[in-house]
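Me: I am new to this structure and would like to learn how to read its features one at a time. Could you take me through them slowly, giving the general idea before each case?

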Number of protein chains: 2
Amino acid sequence: MADAATALFTRHLKYDPADPKWPDRDRFVLSAGHGSMLVYALLYLTGYEKPTLDDIKNFRQLHSPCAGHPENFELPGVECTTGPLGQGLAMGVGMAIAERHLNAVYGDDLVDHRTFVIAGDGCLMEGINHEAVGIAGNLRLGRLIVLWDDNKITIDGSTDLSRNEDVVARHAACGWHTVECDGMDAGKVAQAIEKAIADPRPSLIRCKTIIGYGAPNKQGTHSVHGAALGKDEVEAARKELGLEPKEFTVPDDVRKAWLAEGQRCATDRAEWYRRLESSGKKDEFLARVQGNVPSDWLKPHVDALVANAPKVATRKASEMALEAINAATPWTIGGSADLTPSNNTLTKGLQSLTAENYSGRYLHYGIREFGMGAAMNGMALHGGVVPYGGTFLVFADYARPAVRLAALQGARVIFVFTHDSIGLGEDGPTHQPVEHLASLRSIPNLNVYRPADAVETAESWASALEHEGPSVLALSRQNLRAVRSEAADDNLSHRGAYVLRKAGGKRKAILIATGSEVELALDVAERLEGEGVGADVVSMPCWERFEAQDQSYRDSVLPPAGPEQILRVSIEAGSTFGWDRYTMVNGLRLGIDRFGASGKAEDLFNYFGLTPEAIAPKIMEALQS
Amino acid sequence: MADAATALFTRHLKYDPADPKWPDRDRFVLSAGHGSMLVYALLYLTGYEKPTLDDIKNFRQLHSPCAGHPENFELPGVECTTGPLGQGLAMGVGMAIAERHLNAVYGDDLVDHRTFVIAGDGCLMEGINHEAVGIAGNLRLGRLIVLWDDNKITIDGSTDLSRNEDVVARHAACGWHTVECDGMDAGKVAQAIEKAIADPRPSLIRCKTIIGYGAPNKQGTHSVHGAALGKDEVEAARKELGLEPKEFTVPDDVRKAWLAEGQRCATDRAEWYRRLESSGKKDEFLARVQGNVPSDWLKPHVDALVANAPKVATRKASEMALEAINAATPWTIGGSADLTPSNNTLTKGLQSLTAENYSGRYLHYGIREFGMGAAMNGMALHGGVVPYGGTFLVFADYARPAVRLAALQGARVIFVFTHDSIGLGEDGPTHQPVEHLASLRSIPNLNVYRPADAVETAESWASALEHEGPSVLALSRQNLRAVRSEAADDNLSHRGAYVLRKAGGKRKAILIATGSEVELALDVAERLEGEGVGADVVSMPCWERFEAQDQSYRDSVLPPAGPEQILRVSIEAGSTFGWDRYTMVNGLRLGIDRFGASGKAEDLFNYFGLTPEAIAPKIMEALQS
């Protein structure tokens, strides 16, 4: 795809290596991330500060920014991290959504750019491609242009081994514009890009190519896919191209010509900044691009909740928090993978973001959890918007690769995962998350919140909006009573865990619970104290935030083992996997280490032994043994 | 879809309620599993032993087999568990693959049936649909017939909110036959099914329907999607249909007519059993359908490994085990999501299973991890084949919803997940699993094996083939030295964990390691003993198998805390999440609690402190504190 990328970077792409974060630049995504060297070469040749030639010589070695796959946190010219196939293109969809939305808000003067994606067969075969193509087609994202590297080779061999699809026809069936060209003729590619730009629909450009083109003995075979060419073949290729044989040398005239190309949009950029200056919106626009969401909505909201103590499901409490947030800032863009009335993600006055109304702030993603997750990543990385989107917690699995990539990229995306336990009831084990809290907590740089009531839900939202990375809000379907009856100066949920209730008498147990089981823990503590056993209740809405506190705070909540034996008990309606960390081996871990069942929520909590009547005797027994 | 299902169950579907497991029955999958009541009604009306009318009255209540979504482990007439959208259809693809393969092996006399699927808009919007449609199209699975309930409604409202796709054209683009009909006219549906049966391609039948048809005041709206009709509307619907108003009553003539339909294929079934008797293959065929894979390959294979002590990657060791397994039984069907040369899943002599050669035993699934996982579930549930398939461990996330559904359904599927740590090297953090072992271990009924050398890999394969549920083999890219130098009578990996090396002097530490870190633990133990600290090394290839052992065995490997202080140390090149269970709180958990990096494997192990030089001093320090 070197010729296609050359056409793009020398004729169409709007960018300036001197200012990689220019807000109105075109976005370029190499969705086929295994071709990372192509991006590194382009950034180097066009004059970006990084990578240097030495970085490139250290390609794929420890501490080189030229990693095995392109990483946005290593190189400013890389818009997103790619490699997990299909996700780059789907993030491109999110970037194109963010662009159209901001264009609707700020007009052509400030926001008027395109998203270009290079995708391979893998990107187009992955299921997420269907979701991304569907979203883009329905939203008529004409600013999105995908160049498909149609080289007919995958790792197993010919694409015929696994695919008989007419790829172009499939895109046309989803409302895309399509065009075909010789991908190894830069002029032809440029003509195709012009057609794509002229068409109001998202475009697929089929670039017919030969894999490894220019490597005379290996091109056209899958041996150039994953392995280095080797010294001999590199020499042969350089000879074929009329270059001197020494590696890592660029002829002076070529170097100069490329650097000149890198200057192509310098004037455009200067003019853009002049327009920004004179727009009267400079501060607002730049603040928005930087993305620090206001938090002044929190205190009045919590004060009102403390006063009213509503007994609501935390999904409903989340909607109440969102009413305040969405009113306080225009930056949020909500949505759901077709569970809007269940996820409570739509607030009053939010219009749908559609092909006819890009200024809307609510996306109907369709039944496309993974596509939603990746699109939100793209929106967050584009900047200027803060996306949140909902599905059931159990279907976090469908979106999981995007959750991981959000964490790796540090993308501020908020996943609203409702129906967070057997408490959802009759839908049964296919819909009841059990292992999901544990499996999400195991992802680095992801904050997983499971608030216990409306106050904690609001605090968790505030904490999530601050986190430079993704957050999960795990929310109940069923109503929960208010457990926080006092206003706190501190955002206690942002602390991760805190003592909600102090033992009445001599403390013999600490009950640690999250979400819907906090009220259960309070009831257990009451019952224990009736039998003369003092018990703290610790509410722990977010493990990751708790781990981020200093030792003295953590010790104040969970005191280190001393001479007096204090039994630690975790209570969570999900897998006990991982809870040993807080209960210690001799503690009790109460949860559900099997799949759930269909039934009324109350019957299920009974059946799985998560009631005060079932738990208190277990604790008494453990204390006596 | 009641009319469409009526057409199917009364005119086309080959089944016999008296023998729900008749091997040559047609398979019926309600991929839109939220319509579960339709299946329960069909099973009841046609005369299956279960569900009873009382079961149906307890719809969605605890202990009723009529769960919120259809569950194969509750009702013999339910072929697979559905509800997580898209997966039922994709399992149908797997069933159709198994059918064609067994037909190629046993001929039309014994294997000659179809797979029918009812799918909703959700099933067709999910990304996995693209993968499933692609696999079925490429394999030209003419025995697969999908009835699409085209009712134009999703939970958020009209499908226009999220989709502008020409669904029929997309299927045509993937090599499918398509036909349209009025889905509420059983005669028209039957004609469409006849066309589908006559066509050699997989078929999509677009059934145009009105959601909730027959409920006069609510039909055509999304209020009939997730909520019960309510008493008044049920009465109104019964009136509209000319039925008496009382719930749960079926007119006698209707009851009799349906029961007669349930007898429609009784003669076919009797003839089939006669053919089986006279085929000379009865024992072989029935044993195969029951699915107990031979294990006699293991001992000679392990004996040879012990003698040769090969230093190989466990992915290579897996290939060596598969050579023995695939030679010992014709039941296995291998494959890979386009990583065949990396996953080492293809053994000598295995032909590709293609549209031209269904007798092949190797599937090129394409870059479709989720589609592969679901297809394998369908194959396993069909019976007669034991599927295994490969991708990288990090991309387990892409297939995760199918892994979970395999575990819930008890489907014997083996996931070969290679490149199981930072040891894969230069591909970097997008390709390096960190949290994946923890997140897979948190799934109930899934065995996760991470063998340390070729012997453990063979043992893990044998153990996985026995498990009535799915297994994951997490395998290294890099070479590992042989750690098992003696033949054991027992399959030690099937025990989950065992003492690989006993402390030389007085035992002060127990090092617990898995996979590639077992050789590291051995080196650490050597170094510790040089400093006078005795250390056991416990190899723990499978947590789940270890937990299944009796207490005395577990105590023999990890002795309970006694007066002498023994430090427990876990070593695994991944997240330490969950390891507290075995190290206890005062132990050491050595691993990687962040994302990885690009670089040579050796550099990375160094960088992350997973070397004897880095670990031994940490243990000395912990022992002294």
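Me: Which residues is Leu511(A) in contact with, leaving aside its neighbours within four places in sequence?

Reply: Before the case, please note that this is a predicted model, in which local features need pLDDT of at least 70, side-chain atom pairs count only at pLDDT 80 or more, and totals for chains, interfaces and linings use all residues. Residues are numbered from 1 along each chain as its sequence is written, chains are lettered from A and ligands numbered from 1 in the order in which they are written, and side-chain values use heavy atoms, with hydrogens and water left out. Contact means heavy atoms within 4.5 Å. By that rule, and leaving aside neighbours within four places in sequence, Leu511(A) is in contact with Ala521(A), Val524(A), Ala525(A), Leu528(A), Ala535(A), Asp536(A), Val537(A), Val538(A), Val569(A) and Ile619(A).

Me: Which residues have the most contacts inside the largest nonpolar core?

Reply: A nonpolar core is a set of buried Ala, Val, Leu, Ile, Met, Phe, Trp, Tyr and Cys residues joined through side-chain atoms within 4.5 Å; buried means under 20% relative accessible area, exposed over 50%, and partly exposed in between (1.4 Å probe, protein chains only). Here the largest such core has 101 residues, and those with the most contacts inside it are Leu511(A) and Leu511(B).

Me: How should I read the place where the two chains touch, and how many residues of chain A are in contact with chain B?

Reply: One can count residues on each side, and 98 residues of chain A are in contact with 98 residues of chain B.

Me: Is Thr345(B) buried or exposed?

Reply: Thr345(B) counts as buried because its relative accessibility is 0%. This residue lies in the loop between α15 (340–343) and β10 (362–364) of chain B, and, not counting residues up to four places away in sequence, Thr345(B) touches several others, including Leu322(B), Tyr388(B) and Val416(B).

Me: Which parts of chain B does the salt bridge of Lys348(B) with Glu323(B) tie together?

Reply: In this pair, Lys348(B) and Glu323(B) have their closest N and O atoms 3.5 Å apart. Lys348(B) lies in the loop between α15 and β10 of chain B and Glu323(B) in helix α14 (residues 314–328) of chain B, so the pair ties together parts that are 25 residues apart in sequence. Lys348(B) is exposed, with a relative accessible area of 69%, whereas Glu323(B) is partly exposed at 21%.

Notes: Helix = DSSP H or I, 4+ residues; strand = E, 2+ residues; numbered from the N terminus. Salt bridge = Lys/Arg side-chain N within 4 Å of Asp/Glu carboxyl O.
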